[in-house]
Amino acid sequence: MTAPTLSTWENRAKTLKIEGRAFIDGKYTAAIEGQTFDCLSPIDGRLLAKIASCTDADANRAVEVARTTFESGVWSRMPPGERKKVMIAFADLLNRHAEELALLETLDMGKPISDSLNIDLPGTVDALSWSGEAIDKVYDEVAPTSEDQLGLVTREPVGVVVAIVPWNFPLMMAAWKLGPSLATGNSVILKPSERSPLTAIRIAQLAVEAGIPRGVLNVLPGYGHTVGKALALHMDVDTVVFTGSTRIAKQLLAYSGESNMKRIWLEAGGKSPNIVFADAPDLQAAAEAAAWAIAFNQGEVCTAGSRLLVERSIKEKFLPLVIEALKAWKPGNPLDPDTNIGALVDAQQLNNVLSYIESGHAEGAKLVVGGKRTLQETGGTYIEPTIFDGVNNAMKIAQEEIFGPVLSVIAFDTVEEAIEIANDTPYGLAAALWTSNITKAHKTARALRAGSVWVNQYDAGDMTAPFGGFKQSGNGRDKSLHAFDKYTELKSTWIKLQ
Ligand code: NAD
């Protein structure tokens with residue numbers, strides 16, 4: 001089969017049927033109050049669909065359905081080996097719809113179609129199948145008690161789980177939550193970002209087609225401050241799992257305290273340092289990785305390597321290599337399979353990134369590449385990959401998450417100084433370091449307050465290892481068996497042996 005070309009994708013986009021309604025109890029349904037909002041493509045500003053704008057009433061209905069389904073046991077008490085088969089069927093079905101889903105993702109949030117197809121979709125399928133595969137291989141425990149006791153430590157699904165997800169990897173972030181929450185037997189309400197709801201809405205139907213009983217997976221599109229808040233304050237929701245900004249993560253903790261103390265698990269923002277020591281094994285590879293780390297997915301990545309810490313003695317040699325490597329990253333039509341940077345998600349995000357660029361100028365950083373909006377004639381929201389040199393870690397562009405392709409270059413002189421700068425933000429999601437010295441690598445990795453540390457590479461990871469943040473980057477972990485902790489309660493049962 002030949003790979004689709006730009007014109008194939010454009011033609012498919014013209015005829016694609018897009019669903020914008022909520023999905024509750026196995027059926028698409030308009031929002032109860034009848035409101036909708038427009039879903040515009042950041043590629044060219046065209047209207048893709050009218051989306052149901054769910055409110056409290058829809059939240060109440062979905063929670064009731066999820067609770068009833070959970071209590072019925074149709075999914076929660078299904079034998080793990082059976083749930084496994086359904087989860088794998090779900091993953092397989094998404095894989096068969098990979099091109100359709102990739103197209104929806106790209107039209108909706110502007111990322112390159114090649115990324116949607118080769119990164120987001122495989123990552124989504126893997127998250128679902130890996131969690132499904134695991135569920136009939138995890139055992140409960142027997143406690144080492146005295147002779148006259150039998151102490152059972154068992155895991156039970158928490159019940160009704162709300163998953164609130166962002167727009168940067170809409171489907172994959174959802175799948176990191178759906179894999180373990182569904183595999184462990186919960187009923188789930190997925191609240192996609194209002195800026196990228198299309199794939200979440202579509203997969204709800206595919207879940208039912210794959211054999212997930214109706215009512216187990218419900219999707220409520222809408223705004224965070226309306227339906228998101230209503231779900232997070234709901235007295236009958238047991239857990240909220242969230243990926244998004246630190247600002248909203250903090251609000252969710254407050255909602256929990258104001259309501260039923262539901263469990264809140266947070267994957268939030270980042271301002272990750274990428275530290276290049278003078279003894280890096282391969283400066284060219286480090287430069288290419290530094291460019292990738294800020295340009296991939298338009299810089300709209302929680303783990304973006306947005307602070308490049310370079311040992312002063314090599315900075316003059318290294319920075320030109322990064323500038324050269326970044327030339328390979330050119331914004332273009334996301335539907336073109338050769339494009340590696342697409343559009344930012346919307347005009348609001350574009351303005352946000354531009355205002356950070358202004359602040360970089362105002363605080364005295366030196367712009368060395370990019371800095372401007374581009375491809376304006378398309379009607380889309382594109383920006384040039386940008387590098388500021390001479391950044392001080394106290395500047396706004398070094399402290400705040402920009403969520404766009406804007407790199408801050410900061411010089412350091414010693415290992416201790418590099419570690420101090422690296423840890424000096426409210427975040428702790430990820431960090432990378434480049435050195436040939438194994439002791440320096442281990443010592444620095446230990447000292448970095450981050451949930452993921454990469455040595456002589458940027459952004460390795462798969463379903464086998466946990467992912468999440470220290471400090472204000474969140475709590476709990478996605479991926480790996482550790483993720484199951486978020487979706488299960490531990491029960492200790494004591495049996496007296498006469
Ligand atoms: P956001 O916090 O604005 O929104 C995230 C979700 O929360 C959306 O679905 C939104 O509708 C919802 N929401 C907003 N207000 C709400 C409220 N009051 N109550 C309930 N829900 C509400 O984040 P975003 O702009 O969509 O995504 C970008 C952020 O996500 C960045 O900070 C990025 O670092 C973070 N992110 C983190 C990870 C990770 O794994 N740590 C991964 C991807 C993205």
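These legends go with close-up views of a predicted model.

**View 1. Here's the seven-strand sheet.** The sheet is open, with mixed pairing, and its strands run in the order β14-β17-β18-β13-β12-β20-β21. At the edges you'll find β14 (366-369) and β21 (452-455); each has a single partner strand, so one side of each is left without a neighbour in the sheet. On average, neighbouring strands here are turned by 25° against each other, direction ignored.

**View 2. Zooming in on β17 and β18 within that sheet.** Strand β17 covers residues 386-389 and strand β18 covers residues 406-412; the two pair in the parallel sense, over three bridges. To get your bearings, pick out Thr-386, whose bridge partner in β18 is Val-406.

Helix α11 (residues 312-326) touches β12 (273-276), β13 (307-311), β14, β17 and β18. The direction of α11 makes about 140° with that of β13. Helix α15 (residues 438-447) also packs on the sheet, and its contacts are with β12, β20 (430-434) and β21.

**View 3. Helix α10 meets α11.** Besides packing on the sheet, α11 has a helix partner: its axis and that of α10 (residues 283-295) come within 8 Å and cross at roughly 55°. The two helices are therefore oblique to each other, and their crossing is right-handed. From α10, the residues in contact are Leu-283, Gln-284, Ala-286, Ala-287, Glu-288, Ala-290, Ala-291, Ile-294 and Ala-295. On the α11 side they meet Ile-314, Lys-317, Phe-318, Leu-321, Val-322, Ala-325 and Leu-326. Sorted by class, that contact has 13 nonpolar residues, one polar and two charged.

**View 4. Another helix pair, α4 with α5.** Helix α4 spans residues 98-109 and helix α5 spans residues 113-134; their axes come within 9 Å and cross at roughly 120°. That angle makes α4 oblique to α5. The crossing of α4 and α5 is right-handed. Look for Ala-98, Glu-99, Leu-101, Ala-102, Leu-103, Glu-105 and Thr-106 in α4, which meet Ile-113, Ser-116, Leu-117, Asp-120 and Leu-121 in α5. The class tally for the contact of α4 with α5 is seven nonpolar, two polar and three charged residues.

**View 5. A three-strand sheet, β5-β6-β23.** This open sheet is antiparallel in its pairing, with the strands in the order β5-β6-β23. Here β5 (141-143) and β23 (488-496) are the edge strands; each has a single partner strand, so one side of each is left without a neighbour in the sheet. Neighbouring strands in this sheet are turned by 30° against each other on average, direction ignored. Strand β6 (residues 149-157) and β23 pair in the antiparallel sense over nine bridges.

**View 6. A salt bridge between Arg-67 and Asp-238.** The structure holds 26 salt bridges, and this close-up shows one of them: the side chains of Arg-67 and Asp-238 meet at 2.7 Å, N to O. The pair links distant parts of the chain, with the two residues 171 residues apart. Arg-67 sits in helix α2 (residues 56-72), while Asp-238 lies in the loop between α8 (224-233) and β10 (239-243).

Technical notes:
Residues numbered from 1 in each chain as written. Predicted model: local features only at pLDDT ≥ 70, side-chain atom pairs only at ≥ 80, totals over all residues. Heavy atoms only, no water. Pairing = 2+ DSSP bridges. Helix = DSSP H or I, 4+ residues; strand = E, 2+ residues; numbered from the N terminus. Axes fitted to C-alpha atoms, helices over the stretch in contact; angles between N-to-C directions. Contact = heavy atoms within 4.5 Å. Parallel < 35°, antiparallel > 145°, perpendicular 65-115°, else oblique. Left-handed = near helix turned anticlockwise from the far one by under 90°. Nonpolar A, V, L, I, M, F, W, Y, C, P; charged D, E, K, R; others polar. Salt bridge = Lys/Arg side-chain N within 4 Å of Asp/Glu carboxyl O.
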